Amino acid sequence: MDLGLQDKIALVAASSRGLGRAIAEEFAAEGATLVMCARGDEELQRVAAQVRERNGGRVLAVAADLADPRGVDAVCGAALREFGRVDILVTNAGGPPPGPFESHTPEAWRAAYALTLESTVNMVRAVLPGMKQRRWGRILNVTSIAVKQPVQDLILSNSLRAAVTGFARTLANEVGSFNITVNNMLPGYTRTARLDQLAKKIAKTENVDESKAEERWTSEIPMRRLGEPPEFAALAAFLASERASYITAQSIAVDGGWIKSLV
Ligand code: NAD
């Protein structure tokens, strides 16, 4: 299937590792021009060089903290200066810390808001005018299975990702007539550093081995295994493509069947 990504400019946020990196790799393999970002410059430049080497395409890598509006300005500004436009935006960032309600200070709530909701809104604000002008755009938000079924001990994530979903669903209504689609991608338990972080927290809190966390997760997944980042990235490539032109306002899980609801 030709996804038609060869002449597209794609900005993939938080892409030095994990799901963002896998999406960047997938887009680059399809011939898209890439803008990557993450906080740490050294790791980001190393990963960007690998992606460039493997696929031969153009890759711009800008170190920035997306929880800071100035970081979003830096990444989006560099993308627009270098390539003149962003056709595909993947919003993404690190996950907010785990823990029950009483463990989180007001400051932790504000930080989670800045990281998860505000960064998404600011990235969209930066690239939407150009998409509307050209009457073509794809906005993909990395959220979580938590928007359909809250995940235990992730109250910050469960709350803020619901807000992103409300934002995206409303935006889809507003920009559909400009041929811009807005969709959310919901990772299930996927093997990345984020999952290692969650396993360590469970091991510490419950005084068990980290492998116990993985066993518990896989026992709840009908496919009886964790997901791998490229399995998630495949959805991004399709939703970003010309072929997904009539799919908008959706929240699609890649979770091996973990969500228990009927639809
Ligand atoms: P990860 O920890 O493997 O990678 C996170 C990436 O985000 C890294 O490149 C990191 O440098 C970057 N990043 C973190 N904070 C940033 C910031 N403030 N500014 C810029 N870049 C920043 O995580 P992942 O597993 O790829 O997860 C991506 C998102 O998906 C997270 O929000 C996570 O909570 C969510 N999610 C992951 C899973 C999973 O199982 N992996 C499941 C559900 C939801």
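Tutor: On a 1 Å grid over the protein atoms alone, a cavity is a set of points where a 1.4 Å probe fits but cannot get out. This model is predicted: local features need pLDDT of at least 70, side-chain atom pairs need 80 or more, and totals for chains, interfaces and linings use all residues. Residues are numbered from 1 along each chain as its sequence is written, and side-chain values use heavy atoms, leaving out hydrogens and water.

Student: How many cavities of 30 Å³ or more does the structure hold, and what space lies in the largest cavity?

Tutor: Volume here is the space filled by probe spheres set on grid points joined across faces, edges and corners. At a threshold of 30 Å³ or more, the count is one cavity. The space in the largest cavity is about 100 Å³.

Student: Which residues lining the largest cavity are closest to its centre?

Tutor: Lining residues have an atom within 4 Å of a grid point. The largest cavity has 13 of them. Closest to its centre are Asn92, Ala93, Thr116, Val142 and Arg161.

Student: Which element gives the largest share of the lining of the largest cavity?

Tutor: Elements are DSSP runs numbered from the N terminus: helices (H or I, at least four residues) and strands (E, at least two). Two or more lining residues come from each of α4 (106-134) and α5 (155-175). The largest share, five residues, comes from α4.

Student: Where is the ligand placed among the pockets?

Tutor: A pocket is an open set of points with protein on both sides within 12 Å along at least five of seven lines. A molecule sits in one if more than half of its atoms lie within 2 Å of its grid points. The space taken by the ligand is the largest pocket.

Student: What volume has the largest pocket, and which residues are closest to its centre?

Tutor: About 990 Å³ of space lies in the largest pocket. Its lining has 38 residues. Closest to the centre are Asn92, Ala93, Gly94, Gly95 and Arg194.

Student: How many residues of the second largest pocket's lining come from α6?

Tutor: This pocket has a volume of about 370 Å³. Its 17 lining residues include Gln152, Asp153, Ile202, Arg216 and Trp217, nearest the centre. Both α6 and α7 (210-220) supply at least two lining residues. The largest share is from α6, with five residues.

Student: What does α6 give to the lining of the largest pocket?

Tutor: α1, α5 and α6 each supply at least two residues there. The largest share comes from α6: five residues.
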